[in-house]
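These are my notebook entries on a single structure.

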Amino acid sequence: MNAEIEAAGFFGLLNWEEMTGLSKFWVDMISIPIFSAVAGLITNWTGVIMLFAPVRFTGFYVPGLKTLFPLLPRKVQILPTFAPGGILGFQGFIPARAEKMASLMVDNAVAKIGTAKDFFDQMDPRKISAQVAHVALPNVRSMVDSIMTTEHPQLWADMPPRAREAIYARVEAELPAITDRAFDFIGANIDQLLDVKLMVVGYLRRRPELLKDVIYGLGAPELRFMTRSGVLGFPFGVVVALWLSLLHYSSPHGDTPAMIELPGWLHTLVHLVPAWLVVVLGGAVVGVLVNIIAIKVVFEPANPQPRYKYPWGVAKFAKRQYQAAADLGHAIGYQIVTLDVVTEQLLDGPSGDKTRAVIAHFLQLEIDRILGPLRSVTRLAVGPRHFDAIQATAGASLATEMKPWLVEDVEFSQSTAASVDELATEKLRELPPEEFVEMLYTAIEQDAWLLYLHGGILGALVGGVHLLVFGA
């Protein structure tokens with residue numbers, strides 16, 4: 001192969017040495033590092049996108065894929081590229097692993113902040129109780145009317161107005177004490193009523209968009225750095241260009257002898273891989289290396305190390321722990337462990353029946369006491385079983401209605417969120433750097449090999465484009 005063909009691109013139609021007046025050495029030294037930097041930038045930019053997008057699986061039907069799928073290796077089957085029914089597509093790594101990622105977030109962040117009791121105490125059960133009593137007070141009359149009308153309309157219709165007013169007044173007066181006793185009991189037994197991990201994992205699993213936003217917000221500066229670090233492909237491109245020059249100038253071209261004389265064994269070793277394959281493999285290696293370096297710089301080492309071990313000294317994410325902890329604490333307080341999420345889990349979660357039973361129990365005791373002299377007459381009139389049903393209905397009614405009462409007051413919800421934010425931020429800032437770094441690293445580490453594979457394929461493609469444009 002002569003020099004003209006080697007330096008020709010677009011299937012031999014362009015001769016870059018002739019067009020530019022530069023030697024092949026300078027054509028390669030200019031073009032290959034630029035292409036390598038572009039390959040690195042594209043690789044890291046698309047790699048970060050692949051972590052988060054698309055949030056929902058997007059794909060199309062491929063004939064025969066349903067039959068082929070069971071034959072694929074397990075490691076291929078679990079990729080977020082397949083959907084039931086022979087659908088081929090893609091979903092961002094983090095949304096695709098929403099349940100697993102949420103579980104890792106709980107284990108590496110939420111669980112280290114505190115227990116269910118810590119979170120509930122930070123929300124202040126007495127404040128929640130006072131809020132329930134405050135917003136429930138205007139509804140006491142309608143609630144009592146609803147219960148009595150449903151359970152025994154005739155008795156309620158026949159009851160003298162003064163007796164009704166007495167019941168209304170007593171329930172209204174005793175409501176704060178009733179809710180205080182109920183929430184004191186709930187607070188003391190919150191670990192049996194509320195499973196924080198189950199709550200957070202279930203909430204984020206149903207909302208992959210929120211999980212994506214939380215993880216991206218936690219490491220946004222580091223993810224931007226990972227994209228920009230693709231320019232590291234430039235110095236690697238210089239190495240590839242120098243190797244190609246060694247191949248070129250150590251070989252004779254027509255009547256021109258080799259400019260660099262190599263011993264026979266070294267010449268054979270150097271020319272073992274042809275120039276075109278060096279370009280393609282070089283692009284693949286660059287694509288992998290820029291990904292590895294970016295991830296290393298962001299996450300290793302968590303604690304400062306000598307520069308001879310790590311030229312950058314300490315991981316970028318570890319450097320930013322103080323601010324990143326505040327960002328994650330804010331997300332936990334205002335988006336994840338919020339009053340409405342906790343309330344929903346308490347009342348409608350796996351232990352919701354226990355929570356409702358607690359509220360019903362305390363309200364039953366108070367209704368029994370408030371009815372006072374009317375208790376015996378009422379119980380006799382409606383029957384013991386029906387009387388107990390009225391009390392149970394009252395408790396269940398309050399438990400059902402209090403959820404919207406709590407969360408509809410934006411100011412109150414914001415104040416509880418601020419308290420959780422403060423607790424989470426403080427605890428996250430106190431974490432050892434290695435544990436803090438682990439929170440974001442685990443989200444990326446799970447599929448790091450796919451990022452490297454993606455980088456290698458893209459790098460090889462960019463190398464192929466360079467071959468097409470500039471020749472071997």
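Entry 1: I began with Arg-141, which forms a salt bridge with Glu-172; the closest N and O atoms are 3.5 Å apart. I noted that this pair joins distant parts of the chain, with Arg-141 in helix H10 (residues 140–151) and Glu-172 in helix H12 (residues 161–188), 31 residues apart. The model I am reading is predicted. I then looked up accessibility: Arg-141 is partly exposed at 34%, and Glu-172 is partly exposed at 25%.

**Entry 2: other salt bridges.** I looked up the total next and found 13 salt bridges. Among the pairs I examined was Asp-121 with Lys-117, whose closest N and O atoms lie 3.4 Å apart. Both sit in helix H8 (residues 116–123), and because they are four residues apart there, about one helical turn separates them. I recorded Asp-121 as partly exposed, with a relative accessibility of 36%; Lys-117 is likewise partly exposed, at 32%.

I then turned to Asp-213, which forms a salt bridge with Lys-212, with 3.4 Å between the closest N and O atoms. Asp-213 has a relative accessible area of 42% and counts as partly exposed. Lys-212 is partly exposed at 24%. I also found a network of salt bridges that links Arg-126, Asp-180 and Asp-184.

**Entry 3: a helix contact.** I asked at what angle the axes of helix H7 (residues 98–113) and helix H26 (residues 433–445) cross. The crossing is at roughly 170°, and the axes come within 9 Å. H7 is therefore roughly antiparallel to H26, as angles over 145 degrees count as such. On the H7 side I listed Met-101, Leu-104, Asn-108, Ala-109 and Lys-112; on the H26 side, Glu-435, Glu-438, Met-439, Thr-442 and Ala-443. By class, the residues of this contact divide into five nonpolar, two polar and three charged.

**Entry 4: a sheet.** I traced an open sheet of three strands in the order S3-S5-S4, paired in the antiparallel sense. Strand S3 (58–61) and strand S4 (82–83) are at the edges with a single partner strand each, so one side of each has no neighbour in the sheet. I followed the pairing of S4 with strand S5 (residues 87–90), which is antiparallel and runs over two bridges. Which residue of S5 is the bridge partner of Ala-83? I found Ile-87 in that position.

Terms used. Residues numbered from 1 in each chain as written. Predicted model: local features only at pLDDT ≥ 70, side-chain atom pairs only at ≥ 80, totals over all residues. Heavy atoms only, no water. Pairing = 2+ DSSP bridges. Axes fitted to C-alpha atoms, helices over the stretch in contact; angles between N-to-C directions. Parallel < 35°, antiparallel > 145°, perpendicular 65-115°, else oblique. Contact = heavy atoms within 4.5 Å. Nonpolar A, V, L, I, M, F, W, Y, C, P; charged D, E, K, R; others polar. Salt bridge = Lys/Arg side-chain N within 4 Å of Asp/Glu carboxyl O. Buried < 20%, exposed > 50% of the residue type's maximum accessible area, 1.4 Å probe, protein only.
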